[in-house]
Amino acid sequence: MNFAEPIRIDEHLTLADRALAAPMAGIMTPVFCLAASRMGLIRNWLTPFISITRDSVPSVAALKKKIAPFRNDHPLMVQLLGHDADSMAETALRLAECGVQGVNLNFACPAPMVVKNQNSKFLAVMEKMVLKLLVQQSH
């Protein structure tokens with residue numbers, strides 16, 4: 001398999017290649033992202049996770065600010081972490097309003113702080129969230 005070949009996700013999204021930079025909070029800083037883009041090293045972006053908690057869905061303006069360092073002419077996918085299906089689904093819909101091409105759902109980050117905050121129980125709510133997103137997308 002050639003990781004430099006494009007991969008078609010669906011009729012609306014084709015990734016420039018099959019490799020994505022691993023999203024690492026604290027490493028993928030705005031300076032890193034800008035340098036990697038200018039050097040042509042990254043053609044698809046997957047952001048470090050944005051933590052979503054119950055009843056604290058970020059506004060579209062706040063999400064645009066969070067993803068600004070990753071914005072360029074490359075496809076952008078945003079990684080979400082949390083365990084409240086309604087808040088995660090609403091955030092995903094707001095990200096679509098921001099022009100994000102995809103959402104990556106972080107099922108269980110092994111970082112000690114994430115596990116301590118019980119965000120790793122995400123598997124228990126995934127089905128509910130996916131169904132909610134599909135229903136909302138169909139309207």
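The side chains of N104 and Q79 are joined by a polar contact of 3.4 Å; a polar contact is a pair of N or O atoms within 3.5 Å, where, within protein, one must be able to donate a hydrogen and the other to accept it, and residues adjacent in sequence count only if both atoms are side-chain atoms. This is a predicted model, in which local features need pLDDT of at least 70 and side-chain atom pairs count only at pLDDT 80 or more, while totals for chains, interfaces and linings use all residues. Residues are numbered from 1 along each chain as its sequence is written, and side-chain values use heavy atoms, with hydrogens and water left out.

**Strands**
- N104 lies in strand β6 (residues 102-105), and Q79 belongs to strand β5 (residues 76-82); strands are DSSP runs of E with at least two residues, and helices are runs of H or I with at least four, numbered from the N terminus.
- β5 and β6 run parallel and are joined by four bridges; strands pair if DSSP finds at least two bridges between them.
- V78 has V103 of β6 as its bridge partner.

**Accessibility**
- Q79 is buried because its relative accessible area is 7%, buried meaning under 20%, exposed over 50% and partly exposed in between (1.4 Å probe, protein chains only).
- N104 counts as partly exposed because its relative accessibility is 27%.

**Surroundings**
- Beyond neighbours within four places in sequence, N104 is in contact (heavy atoms within 4.5 Å) with L46, V78, Q79 and L80.
- With neighbours within four places again set aside, the contacts of Q79 include P23, F49 and N106.
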